[in-house]
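Subject: Handing over the model, with notes on what was found

Dear colleague,

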Amino acid sequence: MKYSENILEVSQLLPEYLGFIFWEKSSRYFDGEIPKINKSIKKIGVFVDATVEEIISKIKKYDLDIIQLHGDESPEFCRSLKIENIEIIKVFSVNDDFNFSSLEPFENACDYFLFDTKGKLPGGNGITFNWQILHHYKLTKPFFLSGGIGLNDIEDIKKLNLPIYAIDVNSKFEIEPGLKNIKLLKSFKNNLQTLNI
């Protein structure tokens with residue numbers, strides 16, 4: 001999210017999460033003020049190889065509930081942030097050669113995994129990866145599914161029959177970077193009820 005009025009509009013749909021990107025190279029970089037939104041909505045701060053100090057500063061400034069680490073952060077780095085009593089999502093960029101055993105050191109270092117498409121950018125590439133590869137995932141950590149998910153993907157996600165914890169949507173619901181299309185989001189949320197996620 002990027003714009004105050006749009007944040008308020010999206011918050012009226014009562015999503016479980018709203019994301020705010022604190023990586024300056026992103027076209028969705030957020031440096032504004034977050035308006036008052038329903039307390040049931042968790043605010044996620046998205047970071048790429050930021051320092052612990054930078055992350056803690058944003059947690060306090062924006063009263064973040066969760067941090068999403070999109071860079072090359074180590075399990076030790078993730079654990080160093082646990083003292084802040086905040087939930088941590090560690091992101092992994094997936095392609096057909098992804099080795100799921102590489103996730104094991106992170107199991108006790110974060111609260112969730114997020115699987116995104118491996119691309120030129122750390123995230124926000126707007127394309128999906130081969131979701132069938134997720135059948136190789138054998139760990140118990142809940143995960144978010146991300147990567148170019150749009151309105152027409154709901155049935156395919158349902159057919160996967162995977163223990164998906166949440167779905168992360170972004171580019172396919174944008175008018176421009178950071179500005180979301182309310183009508184499309186509303187339609188997606190209505191259709192999503194069939195997935196029981």
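How many bridges join β2 to strand β3 (residues 66–69), and do the two run parallel or antiparallel? Four bridges join them, and the two strands run parallel; strands here are DSSP runs (E) of at least two residues and helices are runs (H or I) of at least four, numbered from the N terminus, and two strands pair if DSSP finds at least two bridges between them.

Before going further, please note that this is a predicted model, in which local features need pLDDT of at least 70 and side-chain atom pairs count only at pLDDT 80 or more, whereas totals for chains, interfaces and linings use all residues. Residues are numbered from 1 along each chain as its sequence is written, and side-chain values use heavy atoms, with hydrogens and water left out.

Strand pairing

Salt bridges

The structure holds six salt bridges, a salt bridge being a side-chain nitrogen of Lys or Arg within 4 Å of a carboxyl oxygen of Asp or Glu. One of them joins Arg-28 to Glu-174, with the closest N and O atoms 2.8 Å apart. Because Arg-28 lies in the loop between β1 and β2 while Glu-174 belongs to strand β8 (residues 174–176), this pair ties together parts that are 146 residues apart in sequence. Both residues of the pair are buried, and a network of salt bridges links Arg-28, Glu-174 and Lys-180.

Another salt bridge brings together the side chains of Lys-42 and Glu-87, at 3.1 Å from N to O. This pair, too, links distant parts of the chain, with Lys-42 in strand β2 and Glu-87 in strand β4, 45 residues apart. Lys-42 is partly exposed, at a relative accessible area of 32%, and Glu-87 is partly exposed at 22%.

The salt bridge between Glu-76 and Arg-79 (3.6 Å, N to O) lies within helix α3 (residues 75–81), where the two residues are three apart, about one turn of the helix.

Surface charge and loops

Glu-24, Asp-31, Glu-53 and Glu-54 form a negative surface patch; such patches are made of residues with over 30% relative accessible area and no salt bridge, like charges being joined within 9 Å. Glu-24 sits in the loop between β1 (17–21) and β2 (42–47), and counts as exposed because its relative accessibility is 62%.

The C-alpha atom of Asp-97 is separated by 8.8 Å from that of Ile-133, 36 residues apart along the chain.

Terms used
Patch = residues over 30% accessible without salt bridge, like charges linked within 9 Å, V, L, I, M, F, W, Y side chains within 5 Å. Areas by Shrake-Rupley, 256 points an atom, 1.4 Å probe, with all protein chains shown as cover. Lys, Arg positive; Asp, Glu negative; His and termini not counted. Charge placed at Lys NZ, Arg CZ, Asp CG, Glu CD. Buried < 20%, exposed > 50% of the residue type's maximum accessible area, 1.4 Å probe, protein only.
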